[in-house]
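Subject: Structure handover

Hello,

Here is the structure I said I would pass on. My notes on what was found in it follow below.

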Amino acid sequence: MEITFPLVANAVIAGLLLGGFYAAVSVGVAISFGMLDVVNIAHPAFIILGAYIAFTLNAWLGIDPIVCAVAVSPLFFLLGAGLYRIYHAAFESRGRGALPGLAFFFGILFITEVVLILIFGVDYRMVKTSYSELSLHAGSIDFAFRLIVPFVVSVIMVVALHLYLKHTFFGRAVLAVAQDPLALRLMGVNPVRVREVAFALSIATAGIAGAFLIVIQPVQPSIGREYIGLVFAVCVLGGLGSVYGTLVGALILGLAETFTATFFGPSWSPAVSFGLLLLALAFKPTGLFGR
Amino acid sequence: MSNTRFAIIALLVGAVLAVACQFIQNDYFFNAAYTVLLYAILSTAWNILGGYTGYVNFGTAAFFAIGVYSSIVLYKAFHLPLGLLIMAGTVIAGVAGIGLGYLTLRLRGHFFAIATLALAVMLFTFVTNWDYAGGARGAYVLVPREVPFGFPRYIRYLFTVMVGLTVLAIIVARMIERSRLGQGLAAIRDDELAAECAGVPTLRLKLIATALSGGMMGLAGTTFPFFISFVEPVGAFDLRYAVNAIAMPVIGGMTTWLGPLLGAVLLGTVQQLVQVTISSAWNLLIVGVLLVGFVTLAPEGIMGWVLAWRARRSKPT
């Protein structure tokens, strides 16, 4: 294939826009896995659930899917809080460690997927928004709105989370619980409560990211698995538990995937995120910015 | 009971079962029984790493598919007999286990778990793009016309082979359980840091366990192309293998060889019944719910109940 400037430029633009979306997908795991040490591999299942809720509300009321997702995000927050309570009662409080918890979340992932299949079937679902077909043109470069809108909202969400964690009392408590839960207890803060709210927050971001997903591409219940590698690759690359690191990792992954799809064909792109993850785990498990 | 005595008894039980089943007229029974035995091997294999060592492997489907595809490719290229295909697939999957383990086992346990998921997706992408092995369209494997050893149908022959492989897997699992290797693995499961400090060569033991476990999963896959006769990547890498391989030991109990076997026979049979009477989506839902239920409420599994009941009975009141 001939490598031309428009081809490369389009790949760069699409990769960066996709990367913004990947940041929204992964930021929840940066919180749950990176800060709380809860290995929530069911995170992508909640993204798909969010996508289907946005799809249903959009088909029913005709509201923009992203607006729907933000509106139902409190429900995801409650779902996350409930899930954490079960996880805490069954695993953390009994000192059973993260490994049986992995099987627990794997089961949750599987149940969510099968329930969605039973309700919606295995067909691909998509939504049409007012901007789905529109795009900006700058010379030979295209900016598709179905990528730009999720990108912008994602970046706003990620930056807001970063500011929240860095500058509010509660946000600092979350960072503190990652470092030293005992010290936090001595300060009169209940670490379990802090972890519960932080985990709930991470699930709420998954619900919103689901709406981005269905704006960007058609969704089917079992595509969630492809995102497991992606979210963990982004988090490991970005250095666990760093929100801005997650953004950078997501942009790198977006670029790597679009370049692979452009130059080797889309059928190879699922291997990119997992390949990068394996490489990162093997050679630099502390992430690009890790000490 | 010594290993030799256990092996002899297990082989005898297997032989009696295999012979007795030949009197069953309905060929569908052999299809169902083959699948249950497949799950028995997969969950026994998973338990070597998951139950004995405490490392969760989500990539059962990847190792299984290595066995499946090594058989397809070697059969297509050289027309090797089934025995050699079984050995080749086992060795290749075992080597893949060592490779993956070497890359990720030095990290904390959940990185290994995530890497096994990664392995499954990467191999899936690779196989989908590999035209010689059928690519995304899938590959046909023609079952040999003459059935060896005078079996009336090929599926009966495959079933008998599978009984033998299951017995083999169980003997190996029990040998590991009672050996120094098994004690080392249990030490890693209980407290890896303490084990390392006490002089247990943790990395080497984990690599051995990963190789044995991965190889055994490959073993389960080697006969699969001849069972299904048409293999495509989505089917070979189906998540149901990964979920069942975890759910069955969790439900049966993870500390002994009997647990995974019990879980596989119970859950495998239930699934065969539900699949025929209701639908396959519902049967996956049942597996998921049972997995979550047992792992949260009864982490010791059915064997845990049995052991607790026996301990209560033997205690003088």
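I will start with a pair of helices in chain A, where H1(A) passes H9(A) in a right-handed crossing. Please bear in mind throughout that this is a predicted model.

Helix H1 of chain A covers residues 5-35 and helix H9 of chain A covers residues 224-237; their axes come within 8 Å and cross at roughly 70°. Angles of 65 to 115 degrees count as roughly perpendicular, and H1(A) and H9(A) are therefore roughly perpendicular to each other. On the H1(A) side, the residues that meet H9(A) are A:Tyr22, A:Val25, A:Ser26, A:Val29, A:Ala30, A:Phe33 and A:Gly34. Their partners in H9(A) are A:Tyr227, A:Leu230, A:Val231, A:Phe232, A:Val234 and A:Cys235. Sorted by class, this contact has eleven nonpolar and two polar residues, with no charged residues.

Chain A as a whole

Eleven helices and two strands make up the elements of chain A, and along the sequence they follow the pattern α-α-α-α-β-β-α-α-α-α-α-α-α. The radius of gyration of chain A is 19 Å, close to the 19 Å that the globule rule gives for 291 residues, so chain A is as compact as a globular protein of that length. Along the principal axes, its C-alpha atoms fill a box of roughly 60 × 45 × 35 Å. Of the 291 residues in chain A, 52% are buried. Taking the contacts in chain A between residues at least 6 apart in sequence, 79% join residues at least 24 apart.

Where the chains touch

A helix pair in chain B

Helix H7 (residues 180-190) and helix H9 (residues 202-222) of chain B pack at an angle of about 110°, with their axes 10 Å apart. H7(B) and H9(B) are therefore roughly perpendicular to each other, and H7(B) passes H9(B) in a left-handed crossing. H7(B) makes the contact through B:Leu181, B:Gly184, B:Leu185 and B:Ile188, and H9(B) through B:Thr202, B:Leu205, B:Lys206, B:Ile208 and B:Ala209. This contact of H7(B) with H9(B) has six nonpolar, two polar and one charged residues.

Regards

Note on methods
Residues are numbered from 1 along each chain as its sequence is written. Chains are lettered from A and ligands numbered from 1 in the order in which they are written. This is a predicted model: local features need pLDDT of at least 70, side-chain atom pairs count only at pLDDT 80 or more; totals for chains, interfaces and linings use all residues. Helices (H or I, at least four residues) and strands (E, at least two) are DSSP runs, numbered from the N terminus. The radius of gyration is taken over C-alpha atoms; the globule rule is 2.2 Å times the number of residues to the power 0.38. A residue is buried if 20 or more other C-beta atoms lie within 10 Å of its own, exposed if 12 or fewer, and partly exposed in between; C-beta atoms are placed from the backbone. Two residues are in contact if their C-beta atoms, placed from the backbone, lie within 7 Å. Axes are lines fitted to C-alpha atoms, for helices over the stretch in contact, and angles run from 0 to 180 degrees between N-to-C directions. Angles under 35 degrees count as roughly parallel, over 145 as roughly antiparallel, 65 to 115 as roughly perpendicular and the rest as oblique. A crossing is left-handed if the near helix is turned anticlockwise from the far one by less than a right angle, and right-handed if clockwise. Ala, Val, Leu, Ile, Met, Phe, Trp, Tyr, Cys and Pro count as nonpolar, Asp, Glu, Lys and Arg as charged, and the others, Gly among them, as polar.
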